[in-house]
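Here are my notes for your read-through. Please keep the model open and check each point as you go.

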Amino acid sequence: MSEKILVTRSSMPPIEEYFDEIRELWDSHWLTNMGVKHRELESILSEYLGVEYVSLMTNGHLALENILQAMDLSGEVITTPFTFASTTNAIVRNGLKPVFCDIKEDDYTIDPDKIEALITDKTCAILPVHVYGNICDTEKIQRIADKYGLKVIYDAAHAFGERYMGKGIGTYGDASMFSFHATKVFNTIEGGAAVFKSKELYDKIAELKNFGICSQDCVKYVGGNAKMNEFQAAMGICNMRHIDEELEKRRMAVERYRERLGNADGIKLSPVREDVVYNYAYFPVVFDKKKFGADRDEIADRLARNDIIARKYFYPLTNSFESFHGEYDVSLTPIAADISNNVLTLPLYADLTVDVVDKICNLILESEC
Ligand code: T4K
């Protein structure tokens with residue numbers, strides 16, 4: 001194999017299509033600050049995601065920070081440590097305290113049966129993650145939130161376009177964040193969105209992402225700058241024209257992985273639920289060394305020696321980050337620790353061929369006992 005196979009590869013539209021989309025920017029000279037492309041993409045996404053209000057942002061992380069700020073929260077937020085740095089950092093950067101809840105063994109999302117024990121009089125919200133596109137137990141989480149009067153904000157960075165029980169995943173909870181980073185199922189180069197049911201929150205976040213400015217003579221909030229620019233939005237408009245085709249190609253790669261790895265002793269794959277329309281965002285595999293004969297790191301090294309770069313998403317856990325100086329006890333989230341030590345995310349993107357999937361599986365299965 002001449003080129004390295006990386007964990008993912010950005011989807012891009014034909015270059016002429018992008019040129020056509022940005023050509024008018026040379027006429028208007030309007031490059032950012034909620035321009036025509038920005039507004040058009042908000043409307044395309046609101047329809048596609050099945051959510052009422054979509055606010056486009058520079059990236060998913062700032063969408064999450066702005067959602068938390070828009071809700072005027074203070075105190076503790078119950079969340080998962082099995083996620084990308086962004087989720088936990090967004091909480092801390094809003095002056096809130098993350099309280100880490102363990103995850104479920106089967107799909108790695110927050111374990112709702114462990115949430116109530118963590119609630120104190122300072123708890124203000126729950127921030128679960130639809131990790132790898134695996135949908136959280138939204139019913140149980142909402143029941144707990146209603147009982148204690150808590151907000152629910154979903155990190156849906158991995159769940160773009162997914163549907164649960166016939167509804168867009170962004171309709172669950174009080175708000176959700178989507179990431180449109182280059183590495184995601186749908187990209188705007190960098191980018192993301194905050195989505196809501198509430199018009200009030202949408203209006204507030206529209207001001208927050210523009211320094212809190214509400215008019216030329218009024219700054220209402222201490223906002224930052226999180227506006228998606230017109231070049232990003234144009235990329236999104238182009239990529240949305242190809243989204244069905246992209247998802248179908250990903251589905252085929254995932255099916256092949258499942259066919260090849262699904263029955264191997266000592267390999268655990270994420271469950272497939274009938275009530276979910278998936279986006280095939282990631283392909284995580286958890287290795288049980290005792291049964292499989294090789295551990296996660298050995299497999300990652302073997303693949304790397306063959307120019308295949310799988311990734312340890314998500315290792316280390318966010319509650320073990322150096323930035324917290326040992327403030328959190330990782331042993332209190334033992335399932336998350338175990339999954340984090342044994343999971344490997346295999347290459348997955350629309351142009352990944354079945355031949356390459358087969359090569360990856362052959363290399364992995366060589367070590368089967
Ligand atoms: N919440 C969760 C649960 C998340 O996973 C993320 C982001 C966020 C929140 C925050 O959303 P954003 O603010 O990013 O919108 C990558 C991404 O940068 C990050 O967006 C993503 N999660 C995370 C899971 O993965 P790295 O450090 O692994 O990226 P990097 O540069 O190593 O790239 C990974 C692979 O992607 C490369 O090997 C090749 C491919 N790639 C990368 C880039 C940058 C491309 O094909 N094209 C590219 O332009 O974090």
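1. Start with exposure. A residue is buried under 20% relative accessible area, exposed over 50% and partly exposed in between (1.4 Å probe, protein chains only). At 45% relative accessibility, Y315 counts as partly exposed. This is a predicted model, in which local features need pLDDT of at least 70, side-chain atom pairs count only at pLDDT 80 or more, and totals for chains, interfaces and linings use all residues. Residues are numbered from 1 along each chain as its sequence is written, and side-chain values use heavy atoms, with hydrogens and water left out.

2. Stay with Y315. Helices (H or I, at least four residues) and strands (E, at least two) are DSSP runs, numbered from the N terminus. Y315 sits in the loop between α11 (296-305) and α12 (334-342). Leaving out residues up to four places away in sequence, Y315 touches R296, S340 and N341; contact means heavy atoms within 4.5 Å. The charged end of R296 lies over the ring of Y315, 5.1 Å from its centre. The rule for a charge over a ring is NZ of Lys or CZ of Arg within 6 Å of the ring centre and within 35 degrees of the ring normal. K167 also lies over a ring face, that of Y172, at 4.8 Å from the ring centre.

3. Now the ring pairs. A pair of aromatic rings is described by the distance of the centres and the angle of the planes. Rings of Phe, Tyr and Trp (its six-membered ring) pair if their centres lie within 6.5 Å; planes under 30 degrees apart count as stacked, over 60 as edge-to-face and the rest as tilted. How many aromatic pairs does the structure hold? There are 21. One of them joins F180 and F186, edge-to-face, with 4.9 Å centre to centre and 75° between the planes. Both F180 and F186 are buried. The F287 and F292 rings have centres 5.3 Å apart and planes at 55°, so this pair is tilted. F287 is buried at 2% relative accessible area, and F292 is buried at 0%.

4. Look next at a cluster. F82, F84, Y108, Y132, Y282, Y313 and F314 form one aromatic cluster. Not counting residues up to four places away in sequence, F82 touches Y108, Y132, Y313 and F314, among others. Its contacts also include I339, S340 and V343.

5. Then the cores. A nonpolar core is a set of buried Ala, Val, Leu, Ile, Met, Phe, Trp, Tyr and Cys residues joined through side-chain atoms within 4.5 Å. Of the 59 residues in the largest core, L41, L45, F82, I115, F160 and F180 touch the most other members. Elements that each supply at least two residues of this core include α3 (36-49), β1 (53-57), α8 (230-241) and α12. The largest share, four residues, comes from α12. Another core, of 30 residues, lies apart from this one, and among its members are V254, A264, I299 and L365.

6. Check strand β15 (residues 343-346). V343 and T345 point one way, L344 and L346 the other way, and all are buried. In a regular strand the side chains alternate between the two faces of the sheet. Four bridges join β15 to strand β14 (residues 283-287), and the two run antiparallel. Strands pair if DSSP finds at least two bridges between them. F283 has L346 as its bridge partner in β15.

7. T79 is in strand β2 (residues 76-79) and is buried, at 0% relative accessibility. The T79 side chain reaches the backbone oxygen of L127 at 2.8 Å. R256 is in helix α9 (residues 243-261) and is partly exposed, with a relative accessible area of 23%. The R256 side chain makes a polar contact with the side chain of E259 (2.9 Å). A polar contact is a pair of N or O atoms within 3.5 Å; within protein, one must be able to donate a hydrogen and the other to accept it, and residues adjacent in sequence count only if both atoms are side-chain atoms. Leaving aside neighbours within four places in sequence, R256 is in contact with V354, V357 and D358.
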